Amino acid sequence: MKDLPEKIQWHPAFAAAIGLEFRDDHKYVKIQQEYNLSKEPIRIDLLISRKDKSSRRFGNEIGHIMKTYNIIEYKSPEDSLNIDDYYKTIGYAGLYKGMGEYVNKIPAKEVTVSMFCTRKPVKMFSMLKEEGAVIEQRYPGIYYITGNTLFPVQIVVAKELNNTLHSSLRVLSDSADREDVETFLQNSVKTSEPWEREDIDAVLQASVSANKELYEEIRRDSGMCQALRELMKDEIDKEIEGAENRREASLVMNMYNNGITPEEISTMTNINLDRVKKIVYGEKTVTV
């Protein structure tokens, strides 16, 4: 039996990273994951809605384009953003606008669309330009799309974002940079709010899962302060323990599949017999 790699939970981590990006405007926004557009399972990745009725601009540059209702599409590092994703998300925004409690409860002028991806969608940009769209890089990694759109649209490319301002998004990568990770950890030590701590943990869980060797290297670095090592300890230890358990299970199953009994496996490997039986027979094993 071959162990399947654990699927990294990128989307919950992304929602947490967005929470951290908007920490300065936390009391003004409501962030909802997998918001249902209908009774059927048509969902958008995130909906960021303004809690107050003011027109104040959000402090984070990702939020500069945002208004009252903001539709968010996220592509994990394993996915790319393509032209069909673009129009699908615009369609979701149209559905959201048209499904208010009464006519024009959600004015089109108050709806925006943001799409997040790890790498620049070069092919999609080229196709949009051919269709008459104008693409402007307003900030590093943040591209505004105008010319043929129903709503204000921005494409956020995590790899190109300012590494000081947006470390929470930059570490959500399967090839994170050490500088980004250390910046994220240094910022995380300064947190005091419980909701921020939860979001940091969610981001770390995904980032550590995808970059185990880098985090282990950072943890071994004597130059890192004790506070940072402690911040990382639980997440890294959990991932290392999981990897060890998977290696152990693979060894046991290989031996069992080659005709070795659980008792013999336990003797040969010094793995507890109950543990061996649980791996071989499943969770329902009972010792008699």
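# Charged pairs, buried residues and loops

Aspartate 180 is buried, with a relative accessible area of 3%; buried means under 20% relative accessible area, exposed over 50%, and partly exposed in between, with a 1.4 Å probe and protein chains only. The model is predicted, so local features need pLDDT of at least 70 and side-chain atom pairs count only at pLDDT 80 or more, while totals for chains, interfaces and linings use all residues. Residues are numbered from 1 along each chain as its sequence is written, and side-chain values use heavy atoms, with hydrogens and water left out.

The side chain of aspartate 180 meets that of arginine 170 in a salt bridge, at 2.9 Å from N to O; a salt bridge is a side-chain nitrogen of Lys or Arg within 4 Å of a carboxyl oxygen of Asp or Glu. Aspartate 180 belongs to helix H5 (residues 178-189) and arginine 170 to helix H4 (residues 167-170), so the pair ties together parts that are ten residues apart in sequence. Helices (H or I, at least four residues) and strands (E, at least two) are DSSP runs, numbered from the N terminus. Arginine 170 is buried too, at a relative accessible area of 13%. A further salt bridge joins arginine 170 to aspartate 177, where the closest N and O atoms are 3.7 Å apart. Aspartate 177 is partly exposed, with 36% relative accessibility.

Helix H5 also holds arginine 178. The side chain of arginine 178 forms a salt bridge with that of glutamate 217, at 2.8 Å from N to O. Glutamate 217 sits in helix H7 (residues 212-220), and the pair links distant parts of the chain, 39 residues apart. Both partners are partly exposed: glutamate 217 has a relative accessible area of 37%, and arginine 178 has 24%. The whole structure contains 13 salt bridges. Side chains of opposite charge can pair when their charged atoms come close.

Not counting residues up to four places away in sequence, glutamate 73 touches Asp45, Lys88, Thr89, Ser114, Met115 and Phe116; contact means heavy atoms within 4.5 Å.

Isoleucine 65 lies in the loop between S2 and S3. This residue is buried, with a relative accessible area of 10%. Leaving aside neighbours within four places in sequence, isoleucine 65 is in contact with Thr112, Ser114, Tyr144, Pro152, Val153 and Gln154. The C-alpha atoms of isoleucine 65 and valine 111 are separated by 10.0 Å, and the two residues are 46 residues apart along the chain.

Isoleucine 42 is in another loop, between strand S1 (29-36) and strand S2 (43-50). At a relative accessible area of 31%, isoleucine 42 is partly exposed.

Two asparagines stand out by backbone angle. Asparagine 104, in the loop between helix H2 (83-98) and strand S4 (111-117), has a positive phi near 60 degrees. Asparagine 270, in the loop between helix H9 (262-269) and helix H10 (273-281), has a positive phi near 65 degrees. Most residues other than glycine have a negative phi. Asparagine 104 is partly exposed at 47% relative accessibility, whereas asparagine 270 is exposed at 73%.

Over the whole chain, the secondary structure comes to ten helices and seven strands. Of the 288 residues, 44% count as buried. Among contacts between residues at least 6 apart in sequence, 60% join residues at least 24 apart. The mean pLDDT is 86, and 86% of the residues reach 70 or more; pLDDT is the predictor's confidence in each residue, from 0 to 100. Over residues 284-288 the pLDDT is below 50, and this stretch has three contacts in the model beyond near neighbours in sequence.
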